[in-house]
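This report goes through selected local features of one model. The sequence and coordinates come first, and the text follows.

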Amino acid sequence: MSIDVNNESGTEVDEQAILDIARYALTRMRIHPLSELSVIVIDEDAMEQLHIQWMDLPGPTDVMSFPMDELRPPAKDDEEPPQGLLGDIVLCPEVAKKQGEDAPTQHSMDEELQLLTVHGVLHLLGYDHEEPDEKAEMFGLQAAIVDGWRADRGMTGPSPAPTVS
C-alpha cells in the first residue's frame, strides 16, 4: 500500500501513527495492497478555505476526504479487490486538538488525528453518516478499526469517542 503523509500545518503530529492506522484501516477493509492514498495535514486557514470551497460551509473542519477512483471494499470474501487511487484525506490538527480536549473521554490531538484518519478512509470508501443507519454502520466500523489498531499495539484504556459529526 502506498500511503504518503505530508504535514504542511506547521504543527508537530505523529505522522507514523497516521500512516500506520491508515494502512491498518485499508488492510482491514480489504483494499488492494497496491492502492494509493495521500494524507495531507494543513493549518486552520487552509482547511477553512477548503471547507468553504467544497462544502460551502464557514470555518475550518477536522477532516475532509477527496475520493479519486471511488474504490469500494469487496462485497464477498472471495472477491478480488480492485487496485487504484483512493484519493486524499485532509486533516487539521488545531481542530483535532480542540475536539480531543472537548470530547467526553478527553484525548490527545494525535489520538484524534488517528480517529479522523480512519473516518477519512471510510469516507473515501463510500461510507457516510447523513442518515441514522449509515451513521451507525460507519461509526461502528470506525470504532472497530481504531480499537483493533490500538489493541494490536498494546494500548490500554478507552478509545477516543467519535467526535466527528
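## Histidine site and its surroundings

His119 counts as buried because its relative accessibility is 2%, where buried means under 20% relative accessible area, exposed over 50% and partly exposed in between, with a 1.4 Å probe and protein chains only. The model is predicted: local features need pLDDT of at least 70 and side-chain atom pairs pLDDT 80 or more, while totals for chains, interfaces and linings use all residues. Residues are numbered from 1 along each chain as its sequence is written, and side-chain values use heavy atoms, with hydrogens and water left out.

His119 sits in helix 4 (residues 109-124); helices (H or I, at least four residues) and strands (E, at least two) are DSSP runs numbered from the N terminus. The UniProt record, an unreviewed entry, lists His119, His123 and His129 under "binding site". Positions from UniProt are in the numbering used here, feature names are shortened, and annotations may be inferred rather than shown by experiment.

His129 is placed in the loop between helix 4 and helix 5 (132-152). His129 counts as buried because its relative accessibility is 14%.

Polar contacts are listed below; the term means a pair of N or O atoms within 3.5 Å, and within protein one must be able to donate a hydrogen and the other to accept it, with residues adjacent in sequence counted only if both atoms are side-chain atoms.

| Group | Partner | Distance |
|---|---|---|
| His119 side chain | His129 side chain | 3.2 Å |
| His119 side chain | Gln142 side chain | 2.6 Å |

## Helix 3 against helix 4

Two packed helices are described by the angle between their axes and the distance between the axes. For helix 3 (residues 93-102) and helix 4, the axes come within 8 Å and cross at roughly 110 degrees. Axes are lines fitted to C-alpha atoms, for helices over the stretch in contact, and angles run from 0 to 180 degrees between N-to-C directions. Helix 3 and helix 4 are therefore roughly perpendicular to each other, on a scale where under 35 degrees is roughly parallel, over 145 roughly antiparallel, 65 to 115 roughly perpendicular and the rest oblique.

On the helix 3 side, Pro93, Ala96, Lys97, Gln99 and Gly100 meet Met109, Glu112, Leu113 and Leu116 of helix 4; contact means heavy atoms within 4.5 Å. By class, this contact has five nonpolar, two polar and two charged residues.

Most residues other than glycine have a negative phi. Arg30, not a glycine, has a positive phi of about 65 degrees. Arg30 belongs to the loop between helix 1 (15-28) and strand 2 (36-41), and is partly exposed because its relative accessibility is 27%.

Asp56 also has a positive phi, near 55 degrees, and is a residue other than glycine. The loop between helix 2 (44-55) and strand 3 (63-67) holds Asp56, which is exposed at a relative accessible area of 65%.

Which residues does His32 contact, leaving aside its neighbours within four places in sequence? They are Met1, Glu80, Pro81, Pro82 and Gln83. His32 lies in the loop between helix 1 and strand 2 and is buried, with a relative accessible area of 12%.

Note on methods. Ala, Val, Leu, Ile, Met, Phe, Trp, Tyr, Cys and Pro count as nonpolar, Asp, Glu, Lys and Arg as charged, and the others, Gly among them, as polar.
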